[in-house]
Protein chains: 2
Amino acid sequence: MPNSFTPQTAGDLNYLKSLNRSTILSTVRRSPGLSRADIALETGLTKATVGSVVQTLVERGWLREGELHARGGGRPGRALYLDGERHYMLGAEVGVKGLRLVACNLVGEILASSHQEAPPADPVSTATRLAKLLNQLREAPAIAGRRCLGLGVAVPGPVSPTAPILSLAPNLGWIDVDFLALLREEPDLPDGVWLLDNEANAAAFGEFYFFEGMPPESLAYISADIGIGCGVVSGEHFPVVPRGYQGLVGEIGHTVIQPGGALCHCGNRGCAETLVSGWALRESLGLDIDDSLSASVQARAGEADVQALIQRAGEALGLLMLNLHHTLNPSMLILGGSLMWLKGPLIEPALAYFEAHQNDLLRQSQSVPIKIIEDSTFTAARGAAAQVMARAAIEV
Amino acid sequence: MPNSFTPQTAGDLNYLKSLNRSTILSTVRRSPGLSRADIALETGLTKATVGSVVQTLVERGWLREGELHARGGGRPGRALYLDGERHYMLGAEVGVKGLRLVACNLVGEILASSHQEAPPADPVSTATRLAKLLNQLREAPAIAGRRCLGLGVAVPGPVSPTAPILSLAPNLGWIDVDFLALLREEPDLPDGVWLLDNEANAAAFGEFYFFEGMPPESLAYISADIGIGCGVVSGEHFPVVPRGYQGLVGEIGHTVIQPGGALCHCGNRGCAETLVSGWALRESLGLDIDDSLSASVQARAGEADVQALIQRAGEALGLLMLNLHHTLNPSMLILGGSLMWLKGPLIEPALAYFEAHQNDLLRQSQSVPIKIIEDSTFTAARGAAAQVMARAAIEV
DNA sequence: AAGGTTAGTAAAACCTATTAACTAAGTTGA
DNA sequence: TCAACTTAGTTAATAGGTTTTACTAACCTT
């Protein structure tokens, strides 16, 4: 499974060492500023072990020592943080409307980014185009002198769970593309970990991995764009993105929520995507793929049928959120994707529907936090970079 | 997390030893008859390690040596199997219509079973009733001389992911019941691992853990009974059942598939359970909870509206299966629960709907195997026993 | 300034898997 | 029939990691 790491079988002691290293790393990532003693307490490792592991991590540029913090009497502990200065990861998204790239550091800060709004053509030329942009990005002064950990690429379609291959991208017209292989043909790209993943999965992973504050137990990221996808993540020290048998985990855009409803481009009727998606809304408004949906909607905001259309789309989104809750039951929901540019008229009906239809099962327990990412231009690209970091961390 | 084990952080070397022990155990469980050398090859451990671990496992009655098998030249390997003679696990299901109990061995064979068809009253008296039945079961001759690994209890409602507490069983009228605590008050029950889980989760786990032949990567078990639930399992050596934030993973009966449809007992409209469930079908046919659904349906099989009702229910089930595929995308689907007694008239429309609505995403990849359990009387109880074994195995 | 408290380090002991060499037990073929 | 070969499994020494234990460091309280 080239796209995931689950430490499930032992082997040698190296395994244990690497396990401890990444456990400590993830402990600091989840709560920056812990001291060696804190880490020992939290992980169950001894102070001595933590001390020696931290030393190597500091030497290799993954951790840095921070300020002292005194707590009552006794020698104050030395705060530890992920070192944001010595490494970077490249993340890219091949989106339906263009290419987006970021370089970010171990803390998830974007050091440099670029985007080029022009739909990808065929896979080969897109690889060439992306390679050029990547090499331009690597010239950025903020990156100078850092080591590159690798490159993650997010794509708009399911990726095979057994190999890093994009199996189908309906909105690009690509089928079974080994995009990383194409990229490898390009000159001057950096070594390191190379990963390919679905755009929603990558975004979900990034939001979880670089979560500000203590991350939830699990998280679902709904990507509302041309189509509707969803990525799921959970796992304390080793966040895992379930992919499923055919890489279709979270393809909620094609769950049927209106039997006998409108015809979807997938061939079925009543898919969620026929009610809420960039594709369906553009269709209903008579727009082209290149037209700005939010601009058009804003321009026609006064028209009753446009209002009703967006309202219905919002309610369908709320229903999807509810169904997701009764199926995957994540600890947190994040809404992202270009549809978020529609703002209140779409989002408010969605939230209202979600709130109004909490049933007995949900009502009695703590309600689920919902976060909305208004501008998710680089969310997937940064998420792909996060996946690179997670993989590199276990090989430190 | 008393209900799950995920080996994620290291600690000491004991951890590693136990990890290797249960890895080897699960390797033999998944492919019975392997030799020590085979295991070494498959797990990546050395022959020496495998040899010593296998020795302790044989001594402790978890593995037994079988026949020799010669493959070409060279010394023949000694086949290894799980030892079905020295241990047993107790599994029980507190169902809406009665109590079901099994004692089974490490291979998943049911050594003894009993069921008592009378709806559970309040939690306390039910615990007393179950305890009596358990102690009766333990007198069975097939169990004599074996060590009991523990007791697993399956219940018809979501279990809190943080504590072994049944949060809500709408069909029993129970709320926040600590059923294991009640059981512990009863005399003479055996020690060992005690677990509580949702009935669909337990069934899913059991079907996965005791799968005949090589188990799929992941599996979803749809429990079609008074309500509709679903359990999911995946994980090679350490199968994991995701529970979610509030224990609602797989509560697909309350996903909405017909907005504005019939009123569900949960308060919402158009839940799947309003179309396909023992509850809704009895309602439509004017039956009591105690009436046999399958008998009534068979008696009225000639009536057109009954036929249509069952047909619609089957189609709703097929739609649920399809939506599940676009959300959790398991490698295998298993259908169980008392609704399966309705046989062809329900199942055929479900399978037909599922087949007919495979969309582009599904069509190009290998289709998903579907297994139907006609008689799932003891499936959940045996699954609960399987969970006990899995837990006990990591502490061997 | 002495005593108390917590943080972190150093060296030895310990434990487990590996390595490498061995024995065991079958098949093949002259 | 027997030597050569091949694969299975065991044994003893080694290596590599974590822990234990004892220590030093550094700050606060009185």
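**View 1. B:Asn329 in the loop between helix H9 (304–325) and strand S12 (333–336) of chain B.** In this predicted model, local features need pLDDT of at least 70 and side-chain atom pairs count only at pLDDT 80 or more, while totals for chains, interfaces and linings use all residues. Residues are numbered from 1 along each chain as its sequence is written, chains are lettered from A in the order in which they are written, and side-chain values use heavy atoms, with hydrogens and water left out. Helices (H or I, at least four residues) and strands (E, at least two) are DSSP runs numbered from the N terminus. B:Asn329 has a phi near 45°, a positive value in a residue other than glycine, and with a relative accessible area of 0% it is buried (under 20%; exposed is over 50% and partly exposed in between, with a 1.4 Å probe and protein chains only).

**View 2. B:Lys343 in the loop between S12 and helix H10 (344–356) of chain B.** Although B:Lys343 is not a glycine, its phi is positive, at about 55°. B:Lys343 counts as partly exposed because its relative accessibility is 47%.

**View 3. The aromatic pair of A:Trp174 and A:Phe179.** Rings of Phe, Tyr and Trp (its six-membered ring) pair if their centres lie within 6.5 Å, and planes under 30 degrees apart count as stacked, over 60 as edge-to-face and the rest as tilted. A:Trp174 and A:Phe179 are stacked, at 5.9 Å centre to centre and with 25° between the planes, and both residues are buried.

**View 4. A:Arg29 over the face of A:Tyr209.** A:Arg29 lies 3.8 Å from the ring centre, where a charge sits over a ring if NZ of Lys or CZ of Arg is within 6 Å of the ring centre and within 35 degrees of the ring normal.
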